[in-house]
Amino acid sequence: MSDSARARGARRALGVLLVLLALGLSTLGGCREGEKPAADRQESATQAERQSEAAPAPEAERRDGGEEAAQAASSGRRVYALSEPGEPASPEERARALRIVDYANRVDRTFNDACGQEPAQIMAGVLLYKQEYDAFLLAAKPSPANCLRRALGVPKNLFTEQDGKSMNDSLSEMDAQRTAMRKTYEQLCDYVADLEIRDDGVRGAKLSREIGEHLVRYARASSAYRAVLDREATAAQDALLRDHPLRDHVALAMQITSIVQQQAGTISLADPDPGSLEAPLNELEDKIRTAGRLPFPIAGEPEMRYRHFLREAERLAAVLRAGQLESFHSKVRQDLNEAWQACRRQYNLFVDAVNAL
C-alpha cells in the first residue's frame with residue numbers, strides 16, 4: 001500500500017473523531033442575536049486562514065522541525081521521531097483496517113446528515129427558549145425513528161460479537177432518545193405558540209428539563225458507541241501507518257482531538273466542575289507541546305500544515321482554559337466552536353498535504 005493510500009486511510013479514521021466532536025460542540029452554540037450568517041462566518045474563517053498561512057512560523061517552530069527536516073532532505077534519509085518503523089501491515093490486516101475506516105467514513109456522513117444533527121438542532125432550540133422564551137420549528141418531516149441503526153448497523157465479522165452487539169445497542173438507544181427529544185421539543189414549540197397559557201414558564205421549564213434528560217441518555221449511549229469505534233479506528237490507523245515516517249505526528253494529532261472530544265461531550269450537557277478539567281487540560285497541553293517538538297522528516301507543505309494545525313490546537317486549548325476559569329458562558333462556547341472548526345480545517349489540510357507527496 002502506498003504512503004498516499006495509508007494517509008487517506010488515516011484521514012477517514014480520524015474523521016470519526018472530527019465529526020463526533022463537531023456534533024458535540026454544535027450544541028454549545030445556539031441562535032444569538034447579531035450572529036453572522038454561515039456564509040459570512042465561512043468567509044471570515046477563510047480570510048483568517050490566509051492571514052495565518054501568510055505569517056512566518058514562530059522561531060521556536062522553525063528550530064523544532066525545520067532544521068531536522070532540512071538535514072533529512074539533504075541526506076535523503078527518513079527521520080523517525082519517537083518510534084522505530086514497524087513491518088508493513090499484512091494483506092489481511094490492511095483489508096480489515098480499510099473496512100473499519102470505510103465504516104468510520106459512513107459514520108462521518110451519517111452524523112453530518114439530518115438524522116445525526118437533529119439532537120444538536122433541538123438543543124439549540126432549547127437554548128433559544130431559555131434565553132428568549134422563543135423556539136424555532138424544526139424540519140417538518142422528522143428523521144426516521146431508527147435512522148442511526150439503519151445507517152450504521154455494524155457489519156458482521158468486522159468487530160467482535162460482543163463489541164458489535166454493544167455498538168448496535170448503543171445506536172438503538174440513541175435513536176430512541178433522539179426520537180423522544182424531538183417529540184418533547186415539538187410540545188415545547190406548541191407551548192411557546194399558545195399565548196393563552198399563563199403559567200410563568202412552568203411547563204416550558206419542565207419540557208426543557210425532560211429534553212435535557214433525554215440528551216444525557218443519548219450522550220451516554222453515544223460515548224459507549226464511540227469508545228469501541230475510536231479504539232478500533234485507532235488500531236486501524238496504526239496498522240495502515242505502521243511504517244510511515246509521519247505515524248507519530250498523526251497519532252498525536254488523533255490524541256489531541258480525542259481529548260477535546262471527550263471534554264466536548266461533557267461541556268455540551270452543562271458547565272463541568274472546573275477541577276474536573278485540570279487533568280485533561282494538562283494532558284492536552286502536554287500532547288500539543290510534544291507534537292510541536294517532534295522533528296519533521298518531510299520539509300515543505302506537510303510541515304507547514306502540521307505547524308498550522310498545532311497553532312490552532314494551542315488556541316483551542318486556551319479557550320478551554322478560559323472556560324475553566326470563567327465558566328462556559330455563551331461567548332466562550334462560541335469561541336470554542338470557532339476554534340474547533342479552525343483546528344479541524346488545518347488538520348485536514350495537513351493530511352491532504354501528506355496525500356499529495
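Visitor: Which residues in α5 meet residues in α7?

Guide: Contact is read from heavy atoms within 4.5 Å. In this predicted model, Cys-115, Glu-118, Pro-119, Ile-122, Met-123, Gly-125, Val-126 and Tyr-129 of α5 meet Arg-178, Met-181, Arg-182, Tyr-185, Leu-188, Tyr-191 and Val-192 of α7. Sorted by class, the contact of α5 with α7 has eleven nonpolar, one polar and three charged residues.

Visitor: At what angle do helix α5 and helix α7 pack, and how far apart are their axes?

Guide: Helix α5, which covers residues 114-132, packs with helix α7, residues 161-193, at an angle of about 30°, and their axes are 10 Å apart. The passage of α5 by α7 is a left-handed crossing.

Visitor: How should I read the pair α4 and α8, and at roughly what angle do their axes cross?

Guide: The axes of helix α4 (residues 91-112) and helix α8 (residues 202-240) cross at roughly 140° and come within 9 Å. An angle over 145 degrees would count as roughly antiparallel, so α4 is classed as oblique to α8. Here, too, the crossing in which α4 passes α8 is left-handed.

Visitor: Which residues of α4 and α8 meet?

Guide: From α4, Arg-96, Ala-97, Leu-98, Ile-100, Val-101, Tyr-103, Val-107 and Phe-111 meet a set in α8 made up of Tyr-218, Tyr-225, Leu-229, Glu-232, Ala-233, Ala-236, Ala-239 and Leu-240. By class, the contact between α4 and α8 has 14 nonpolar, no polar and two charged residues.

Visitor: Is Glu-232 buried or exposed?

Guide: Buried is the label for a relative accessible area under 20%. Glu-232, whose place is in helix α8, has a relative accessibility of 12% and therefore counts as buried. Its side chain makes a polar contact of 3.2 Å with the side chain of Arg-96, a residue of α4 that is listed where α4 meets α8. When neighbours within four places in sequence are left aside, Glu-232 is in contact with Arg-96, Ile-100, Phe-159 and Asp-163.

Visitor: What is the relative accessible area of Arg-231, and which class does that give?

Guide: The partly exposed class lies between the buried limit of 20% and the exposed limit of 50%. Arg-231, which also lies in helix α8, has a relative accessible area of 42% and is therefore partly exposed. Leaving aside neighbours within four places in sequence, Arg-231 is in contact with Asp-163 and Arg-226, and a polar contact of 2.4 Å joins the side chains of Arg-231 and Asp-163. Asp-163 is likewise among the contacts of Glu-232.

How values were computed
Residues are numbered from 1 along each chain as its sequence is written. This is a predicted model: local features need pLDDT of at least 70, side-chain atom pairs count only at pLDDT 80 or more; totals for chains, interfaces and linings use all residues. Side-chain values use heavy atoms; hydrogens and water are left out. Axes are lines fitted to C-alpha atoms, for helices over the stretch in contact, and angles run from 0 to 180 degrees between N-to-C directions. Helices (H or I, at least four residues) and strands (E, at least two) are DSSP runs, numbered from the N terminus. Angles under 35 degrees count as roughly parallel, over 145 as roughly antiparallel, 65 to 115 as roughly perpendicular and the rest as oblique. A crossing is left-handed if the near helix is turned anticlockwise from the far one by less than a right angle, and right-handed if clockwise. Ala, Val, Leu, Ile, Met, Phe, Trp, Tyr, Cys and Pro count as nonpolar, Asp, Glu, Lys and Arg as charged, and the others, Gly among them, as polar. Buried means under 20% relative accessible area, exposed over 50%, partly exposed in between (1.4 Å probe, protein chains only). A polar contact is a pair of N or O atoms within 3.5 Å; within protein, one must be able to donate a hydrogen and the other to accept it, and residues adjacent in sequence count only if both atoms are side-chain atoms.
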